[in-house]
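Subject: Structure for you to look at

Hello,

Here is the structure I promised. Please open it and keep it beside this email.

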Amino acid sequence: MKRLLTSSALALTALAGTASADEVAACLITKTDTNPFFVKMREGAEAKAAELGVSLNSYAGKVDGDHETQVAAIETCIASGAKGILLTASDTSSIVPAVEQAREAGLLVIALDTPLEPIDAADMTFATDNFLAGELIGQWAAAALGDEAANAKIAMLDLAVSQPTVGVLRDQGFLQGFGIDLGDPNKWGDETDPRIVGNDITAGNEEGGRKAMENLLAKDPEINVVYTINEPAAAGAYEALKDIGRENDVLIVSVDGGCPGVDNVKDGVIGATSQQYPLLMASKGIEAIAAWANDGTKPQATDGKDFFDTGVSLVTDKPVDGVDSIDTAKGTELCWG
């Protein structure tokens, strides 16, 4: 059933079921319910919840960055008696007090895809190594350009002005992979390398990607490398480039590896993308909440890391020496995880 909650005049969509007295209840709170990545995350959570007999309530903001509605969702989950929350936070630092409230109430809080600030504000994070995901596409882009990488003109299409961790990690990973010295690695936009034309924000959607690309092209029409936070933003950037007849001479790289994104790699819209696995993140999260409800067991991080690493693969049909990758046929087989 669909329910509408409101907070500060912002809408929050909830796809909710009702738990019986002996059922374990869990919540999934995503940034939006329109981005295919989060749609698949919800599907993965629903499938595992059905398998384990967990009652799942799913919530999503209208747009990426809809922080207030995520706080409202956490409050609802606490009041409803849920045992745990799976969360992809829009504002990774401002959400922490609400997360602390949930944990104090006895809920297990798992961050999916996007680490909180600090990362241990959640009980555990199930995610791609987002810095590595960025680093892989940066390494690939530099190798694909060869000597011309020294003369690159790079557009950085980021997520949001609040600089959530996922956006910072991917941005900074890309730059390091490309061979550009970082400023403060905990934020983007302070690098001094003249190859960076500028940063703009996309809200992680196609319209935002188009507008950001148009803005940066106005600054320098000779941009030839485009980093994008995700594949919807990449699709928008491509359309902006197509409008000026430059869709075939600009290298676009991205992160997600969703099925539409892999198709865009196959079609030449995106040169390479780092594939992550939202179905796996979500299913592991539901398993963790079920275990917590059963015997108080908490999930453990991957050895040597402060989160549970759900893996990443570079997808491209134009492999380069020194950077491991899979082709789009394999990427299609694996997309969404």
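Does Phe-126 count as buried or exposed? At 3% relative accessibility, Phe-126 counts as buried. Buried means under 20% relative accessible area, exposed over 50%, and partly exposed in between (1.4 Å probe, protein chains only).

Some ground rules. This is a predicted model, where local features need pLDDT of at least 70 and side-chain atom pairs count only at pLDDT 80 or more, while totals for chains, interfaces and linings use all residues. Residues are numbered from 1 along each chain as its sequence is written, and side-chain values use heavy atoms, leaving out hydrogens and water.

Now the rings. The structure holds four aromatic pairs. Rings of Phe, Tyr and Trp (its six-membered ring) pair if their centres lie within 6.5 Å; planes under 30 degrees apart count as stacked, over 60 as edge-to-face and the rest as tilted. Phe-37 and Phe-38 pair edge-to-face, with 5.3 Å centre to centre and 90° between the planes. Phe-37 is buried at 2% relative accessibility. Phe-38 is buried at 5%.

Phe-126 and Phe-308 also form an edge-to-face pair: 5.0 Å centre to centre, 65° between the planes. Phe-126 lies in strand E7 (residues 124-127) and Phe-308 in strand E13 (residues 308-309), so the pair ties together parts that are 182 residues apart in sequence. Strands (E, at least two residues) are DSSP runs, numbered from the N terminus. Phe-308 is partly exposed, at 23% relative accessibility.

One more item: Phe-174, Phe-178 and Tyr-227 form one aromatic cluster.

Best wishes

Methods: Helix = DSSP H or I, 4+ residues; strand = E, 2+ residues; numbered from the N terminus.
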